[in-house]
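This briefing sets out selected structural features of a single model, grouped by topic. Please read it alongside the sequence and the coordinates.

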Amino acid sequence: MLFSSIPFIYYFLPAFLIIYYLVPRSLKNTVMLLASLVFYAWGEPKYVVLMAITIAIGYVSGLLIEKFRGKTLGKVFLVASVGIDLALLGYFKYADFFISTVNSVVGSDIPLLRVALPIGISFYTFQILSYSVDVYRGDARAQRNPIDLAAYITSFPQLIAGPIVRYIDIEGQLKERTVTFDMAAEGIRRFVIGLAKKILIANTLGELCEIFRAEDEKTVLFYWLYAIAFSLHIYFDFSGYSDMAIGLGKLMGFDFMENFNYPYISASVTEFWRRWHMSLGSWFRDYLYIPLGGNRVSKGRWFLNILIVWMATGFWHGAAWNFILWGLWFAFFLVMEKLWLGKLLKKTKVLSHVYVLVCVAISFVLFNAVDLKEAVSYVGGMFGIGGMGFVGGNFFYYLKSYALVLVAACFFATPVSKNLMKKFRATDIGAKVLTWAEPVVLCLLVVVMTAFLVDGSFNPFLYFRF
C-alpha cells in the first residue's frame, strides 16, 4: 500500500487513527502492530510469515545476547542472529545476482531462483541488526514484550522506506508517549508536505524520465536534462516519503530522525552524504565503518574502510553491478576530498557547488540504469560519446513542457522557502496570517493531490526496489 494512494489516505489511515486514539495506552502498540501487519499484507501477504520469523529470531536472540553479554555465548548468539538476518536478506535480494555473476565468470548455466524481493526487507533487516548489536554493546536493554518489539520493527510509517529507526532512539517512546495537539498538527503538516513533494513534483519529473528512456532520439543536452530530472525526482520521491513517515510518527507520538537536510546545497560530496539519507549514512558509520576502525587506523586502512563501506552502501541499494559502481563512484570522491580536493573546494564556493551537482547527477544516472551496460552508455551519452548530436528538438520541447516543475523543484530543493517562511512567521502579522492561511493551503493541497490520484497519474515509488 502506498502512502500516496486513495486507499491509504481515505480509508486505512483514518480508520487506524480513530482506533489508535480511542484505545487505552496499554493497547496502542498492539493496535500499531496489527495495523502494520495489515498494511504490509495489503501488497504481499505471503511475506508476513517471513517478517514474523525474522522478528521472532530477533526477539529470542536479544534475550539470549543480553543474558550472556560479556561471555563467549553472548558473542555466539550475536553472530548467529546477524548471520541469520543477513542470510535471509542475501537469499531474497542477492541470490540471483551471485548466481548470474558466477555464470558469467565461469561460463556455467546455473538456473536463477527468481525469488521475489519482499518490500522493505532491507530496512527492517537493518533495524533488527542494530537492535541486536545495541543489546550486545549494552546500549539498549533487550525488549521483554514481544508485541512492543514487533511494533517497533513493523511500524508502518517507516517500514517500507525508512528512515531507518534505531531501537535505542525510540525505546522510551515505545513504553511511554503522548500525542499533543501541536505534535499532531505538525504531523499533519509534514505528511501533507511530503505527499505534495511526492505527487506534484516527484511523479511529474518521473514522467519526464520515462519519456526520455522511451525516446529513440537522444542528444547530449537531453541526457543532461534526464540526469537533472532524475536527480530531483529521486530526492523529492524519497524525501517526500521520509516527510510522510516522520509526520505519521508524530501522529502516533514518535519522534523519528530527519532523513534529508537539503543535500543539493552541499559544497562537497562529504557534506552531501551528511545531508542525504542520513539514517542510512549514520547506520553504516556506527555499525560498519567504526567497527572496521574508522579513521583511527593507518591511511591505507582508512581508505580501505571507506571503500568497503561504500561498496556495501551501493550493494544495499540493489543487487546489480551498477549499484556497486554507484557506491564506488562516491568512495572515489570521498577519498579525493580527504587527500587534497577538500582543501581546494573550500577556496571556491561556486565551483564546489557545481562540482557536487555534476557528481551527483552522474551518480544517479548510474543508479537508475537497468544494468551496467546501460549505465556506461548513458554516462557516455552525457559527454557526447557514441556519435549523438549535441542538441535536438525533443530537448527544447520537453524542457519547455516541464520548465515549471523543474524550476519549482530546484527552488524547493533549497532552504530558501523555509527560511522566508520562518522570517515571516517571526513577525506579528506573519504569525497571525499563517495561523489561518496554513491550514487552508494544506487543505487545498490535499484536494489538488486527490484529483491527481483519482486521475490515475504516474505514481511509482523508487525505494520499493530496495
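In which helix is M51 found? M51 is found in helix α3, where helices (H or I, at least four residues) are DSSP runs numbered from the N terminus. This is a predicted model, in which local features need pLDDT of at least 70 and side-chain atom pairs count only at pLDDT 80 or more, while totals for chains, interfaces and linings use all residues. Residues are numbered from 1 along each chain as its sequence is written, and side-chain values use heavy atoms, with hydrogens and water left out.

**M51 and its surroundings**

- M51 counts as buried because its relative accessibility is 1%; buried means under 20% relative accessible area, exposed over 50%, and partly exposed in between (1.4 Å probe, protein chains only).
- Not counting residues up to four places away in sequence, M51 touches L37, Y40, Y124, T154 and L159, where contact means heavy atoms within 4.5 Å.
- The C-alpha atoms of M51 and A150 are 9.4 Å apart in space, although the two residues are 99 residues apart in sequence.

**Helix α2**

- Helix α2 covers residues 28-41, and its 14 residues should span 20 Å at 1.5 Å a residue; the expected span is 1.5 Å times one less than the number of residues.
- The end C-alpha atoms of α2 are 20 Å apart, which agrees with that expectation.
- The buried residues of α2 are K28, N29, V31, M32, L33, A35, S36, F39 and Y40.
- The cover over these buried residues includes α1 (6-22), α3 (47-67), α5 (121-137), α6 (146-154), α7 (156-159) and α8 (167-175).

**Helix packing**

- Helix α4 (residues 72-106) packs with α5 at an angle of about 175°, and their axes are 10 Å apart; axes are lines fitted to C-alpha atoms, for helices over the stretch in contact, and angles run from 0 to 180 degrees between N-to-C directions.
- The helices α4 and α5 are therefore roughly antiparallel to each other; angles under 35 degrees count as roughly parallel, over 145 as roughly antiparallel, 65 to 115 as roughly perpendicular and the rest as oblique.
- On the α4 side, the residues that meet α5 are G74, K75, L78, S81, V82, D85, L86, L88, L89, F92 and K93; their partners in α5 are I121, S122, T125, I128, L129, S132, V133 and Y136.
- The residues of this contact of α4 with α5 comprise 11 nonpolar, 5 polar and 3 charged; Ala, Val, Leu, Ile, Met, Phe, Trp, Tyr, Cys and Pro count as nonpolar, Asp, Glu, Lys and Arg as charged, and the others, Gly among them, as polar.
- The axes of α1 and helix α20 (residues 428-454) cross at roughly 120° and come within 9 Å, and the two helices are therefore oblique to each other.
- I6, I9 and Y10 of α1 make this contact with V446, T450, L453 and V454 of α20.
- The contact of α1 with α20 has 6 nonpolar, 1 polar and no charged residues.

**Aromatic pairs**

- The whole structure holds 68 aromatic pairs; rings of Phe, Tyr and Trp (its six-membered ring) pair if their centres lie within 6.5 Å, and planes under 30 degrees apart count as stacked, over 60 as edge-to-face and the rest as tilted.
- W273 and W310 form an edge-to-face pair, at 4.7 Å centre to centre and with 70° between the planes.
- This pair links distant parts of the chain, 37 residues apart, with W273 in helix α11 (residues 269-275) and W310 in helix α13 (residues 299-317).
- W273 and W310 are both buried.

**Individual residues in helices**

- K197 belongs to helix α9 (residues 181-214) and counts as buried at 15% relative accessibility.
- Neighbours within four places in sequence aside, K197 is in contact with A202, Y235, F236, S239, G240 and D243.
- S242 lies in helix α10 (residues 220-251) and is buried, with a relative accessible area of 2%.
- Neighbours within four places in sequence aside, S242 is in contact with N259 and F260.
- S401 is in helix α17 (residues 393-401) and is partly exposed, with a relative accessible area of 44%.
- S401 and I65 are 336 residues apart in sequence and 58 Å apart in space, C-alpha to C-alpha.

**Positive phi in loops**

- Y262, in the loop between α10 and α11, is a residue other than glycine with a positive phi, near 50°.
- Y262 counts as buried at 17% relative accessibility.
- H277, in the loop between α11 and α12 (278-289), is a residue other than glycine with a positive phi, near 45°.
- H277 is buried, with a relative accessible area of 0%.
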